[in-house]
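Have the structure open while you read.

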Amino acid sequence: MSESITSMLQENRIFEPSEHFQSHIGPIYVPDLKTYHDMYRRSIDDPAGFWGDIAKDFHWYRPWKRVVDWNVPDAKWFVDGTTNVCANCVDRQVKNGHGDELAILWEGEPCSPDPEVRRLTYRDLLREVSQTANALKSMGVQRGDVVTIYMGMVPELAIAMLACARIGAPHSVIFGGFASPAIVDRVQDAKSKIIITCDGAWRRGQIVSLKKNVDDACEKLPDVQNVLVVRRTNSPVTMHTGRDQWWHELVSNQSSECPCEEMDSEDLLFLLYTSGSTGKPKGICHTTGGYMIYTAHTARMTFNLVPQRNQVFFCTADIGWITGHSYIVYGMLPNRVPTVMYEGAPNFPAEDRFWSMVARHKVTHFYTAPTAIRAFMKWGDEQPRKHDLSSLLLLGTVGEPINPEAWIWYHQNIGQSRCPIVDTMWQTETGGHIITPLPGCTPTVPGSCTLPAFGIDAAIVNENGEELPANQGGLLVIRRPWPGMLRGIHGDRARFIETYWTKVPGMYIAGDGARRDERGYFWIMGRIDDVINVSGHRLGTMEVESALVSHPAIVEAAVVGIPHEIKGTGIAAFVTLAPQFKGPADDSLRKQLMEHVTKEIGAIARPDMIRFTTLLPKTRSGKIMRRLLRDIAAGKESTQDTTTLEDFNALAKLRENEE
């Protein structure tokens with residue numbers, strides 16, 4: 001394993017569970033470490049009993065025959081049971097007398113002079129979701145059809161997801177920051193015939209042209225038959241007769257009565273595409289019963305969610321990523337704690353936007369990414385000091401490991417040294433948290449995600465599957481099934497097995513290098529593949545390289561991750577000019593290439609550094625030696641093995657041209 005994976009963070013600061021949290025949160029589900037260890041041991045030794053007891057609190061049309069069937073790498077949970085996720089998120093709350101309680105609290109980005117706010121109760125959701133479900137049916141959507149959703153962070157996004165779940169149509173949400181080529185790839189793979197979008201979305205006071213991106217994508221998507229458009233920005237758009245319909249015209253005329261489809265526990269609930277090292281995005285498959293139970297339970301435990309205790313949960317993620325799926329929508333609504341959706345950027349119109357929202361809405365739980373925390377630090381301590389953050393009871397981090405000093409800043413400046421921090425480790429593939437502190441019982445150490453979640457048999461092993469001793473870096477694996485685990489990669493069984501189950505046979509490999517310290521706490525050390533984690537978002541190097549090479553000036557490209565003060569990991573690109581290109585390799589071309597990548601993939605993939613070179617370091621078989629490029633991009637002397645390097649002049653030339 002590389003040095004970056006086996007190196008060890010040294011951190012000795014320990015924070016005991018917060019007395020303020022314990023006295024203000026209400027009942028604490030896991031009040032001490034003994035309770036945690038007893039519950040954890042039962043979840044591992046008796047998963048059928050543990051998860052069966054939890055699932056009894058949900059609505060099932062037909063009870064399951066067996067809690068779990070496990071035949072590596074395939075798991076089935078709540079076998080032969082039937083349920084509906086929308087029914088458990090919405091209908092169950094109304095039926096049980098909670099219809100008038102707040103479900104979703106939405107705030108738009110523009111402030112003129114005050115932000116636009118919408119408050120949706122469970123009864124509101126039931127009506128609007130049912131009307132949307134009927135609208136989808138009127139457009140020909142049937143059970144099993146994949147519905148693509150490409151929207152800004154507006155309430156209609158959550159409503160559309162729930163409507164799909166209601167009628168048994170799996171959804172595929174595409175992050176609104178992606179450009180049209182990314183839409184094409186994902187719609188083609190999902191074989192989707194319908195796209196739900198917005199005319200535009202607000203971002204830092206500007207309009208992101210979502211409908212235009214869909215129109216451009218549809219030129220290469222002849223099978224798309226319907227586009228449903230939410231009017232959000234009132235920006236001019238082209239409506240194609242026979243294909244495009246306005247949401248407000250179609251949905252508002254539908255009946256508010258729409259029965260839920262009775263879904264098998266293993267029916268597909270959604271696809272969510274995540275980048276892979278081979279370039280083509282992977283359509284991660286999550287099914288109905290197991291995902292429903294796991295996300296709701298991890299949300300309840302990790303954040304100690306207590307309904308009707310004036311809790312307000314604000315996850316700053318976009319629903320286009322798994323964090324938004326699990327901890328804005330599907331994990332939150334069953335727990336009856338209001339969930340905040342925010343449309344725009346954290347620094348618009350000013351760098352204190354999030355803190356004004358916390359104060360305005362009396363947010364108790366705040367969940368964000370380390371990349372955002374580093375930006376908050378850069379913007380200055382004075383920003384949170386402008387606002388009353390006394391409502392906060394708990395803070396969380398998600399998306400990537402957090403460096404200890406950012407953790408401390410977060411603790412002191414946002415949590416005012418009284419809020420526990422839950423540093424959650426998980427992935428698109430896991431559905432929910434797999435390693436995390438529990439706020440009422442776990443002593444926390446800055447930089448460590450601490451202990452496994454219930455049902456997660458996590459370990460650090462070598463490539464033979466042998467568990468390693470404390471503080472020795474290895475591969476993070478999970479050795480037994482859990483309800484929220486992915487069920488496959490859409491349309492690619494071989495890739496599913498190769499990606500997650502072959503490196504350490506019989507064990508799920510997370511793709512991260514990690515170690516476990518003498519306390520049993522986990523420390524995530526970094527990715528072991530060629531996926532770059534930018535601001536908590538995983539991008540495949542091949543996707544960025546392909547975008548660069550599609551520019552007429554470039555014939556070859558290699559992309560690696562570099563340390564970045566704000567993003568955690570930035571993108572460095574090494575490019576070779578095409579022979580026919582006659583222009584200068586200068587800053588103007590760099591800017592062109594950066595804009596080109598933004599157009600092809602999205603702003604999240606924009607390189608932070610582009611270096612021109614006549615040669616790239618390659619092995620004799622032609623493979624680019626990215627590990628050498630990582631050292632060069634980071635400006636450090638390489639100690640890597642170069643015995644397989646084909647042409648040592650490539651390294652020399654790169655060193656000569658260091659900037």
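Helices α4 and α11 are roughly perpendicular to each other, a label that covers angles of 65 to 115 degrees, while under 35 counts as roughly parallel, over 145 as roughly antiparallel and the rest as oblique. Their axes come within 10 Å and cross at roughly 85°, with α4 spanning residues 47-55 and α11 residues 288-303. On the α4 side the contact uses Phe50, Trp51, Ile54 and Ala55, and α11 brings Ile293, Tyr294 and His297. Contact here means heavy atoms within 4.5 Å. Sorted by class, this contact holds six nonpolar residues, one polar and no charged ones. For those classes, Ala, Val, Leu, Ile, Met, Phe, Trp, Tyr, Cys and Pro are nonpolar, Asp, Glu, Lys and Arg are charged, and the others, Gly among them, are polar.

A word on ground rules. This is a predicted model, in which local features need pLDDT of at least 70 and side-chain atom pairs pLDDT 80 or more, while totals for chains, interfaces and linings use all residues. Residues are numbered from 1 along each chain as its sequence is written, and side-chain values use heavy atoms, with hydrogens and water left out. Helices (H or I, at least four residues) and strands (E, at least two) are DSSP runs numbered from the N terminus. Axes are lines fitted to C-alpha atoms, for helices over the stretch in contact, and angles between N-to-C directions run from 0 to 180 degrees.

Back to α4: its buried residues are Gly49, Phe50, Trp51, Gly52, Ile54 and Ala55. Buried means under 20% relative accessible area, exposed over 50%, and partly exposed in between, using a 1.4 Å probe and protein chains only. The cover over these α4 residues includes α3 (33-45), β1 (66-71), β2 (74-79) and α11.

The crossing of α14 past α16 is left-handed, meaning that the near helix is turned anticlockwise from the far one by less than a right angle (clockwise would be right-handed). Ile373, Arg374, Phe376 and Met377 of α14 meet Glu405, Ala406, Trp409 and Tyr410 of α16. This contact has six nonpolar, no polar and two charged residues.

Now the sheets. Three strands form an open sheet in the order β28-β29-β30, with mixed pairing. Two strands pair if DSSP finds at least two bridges between them. The edges are β28 (554-564) and β30 (609-612), each with a single partner strand, so one side of each has no neighbour in the sheet. Neighbouring strands are turned by 25° against each other on average, direction ignored. β28 runs antiparallel to β29 (residues 568-577), joined by 10 bridges, and alanine 557 stands opposite valine 575 in β29. Across β28 and β29 lies helix α18 (residues 541-549), running at about 140° to β28.

The other open sheet has four strands ordered β21-β22-β24-β25, with antiparallel pairing. Here β21 (458-461) and β25 take the edges, each with a single partner strand, so one side of each is left without a neighbour in the sheet. The twist averages 45° from one strand to the next. β24 and β25 share five bridges in the antiparallel sense, and aspartate 512 has arginine 527 in β25 as its bridge partner.

Arginine 519 is in the loop between β24 (508-516) and β25 (522-527). It is partly exposed, with a relative accessible area of 39%. Leaving out residues up to four places away in sequence, arginine 519 touches Ile14 and Pro443.

Most residues other than glycine have a negative phi, and most peptide bonds are trans. Two spots go the other way on the peptide bond:

| Cis peptide bond | Omega |
|---|---|
| valine 72 to proline 73 | near 5° |
| phenylalanine 348 to proline 349 | near 0° |

Proline 73 is in the loop between β1 and β2, and proline 349 is in the loop between β17 (339-342) and α13 (353-361). As for phi, phenylalanine 78 has a positive value of about 55° although it is not a glycine. Phenylalanine 78 is found in strand β2 and is buried, with a relative accessible area of 0%. Asparagine 304 also has a positive phi, about 45°. Asparagine 304 is in the loop between α11 and β16 (313-315), and is buried at a relative accessible area of 2%.
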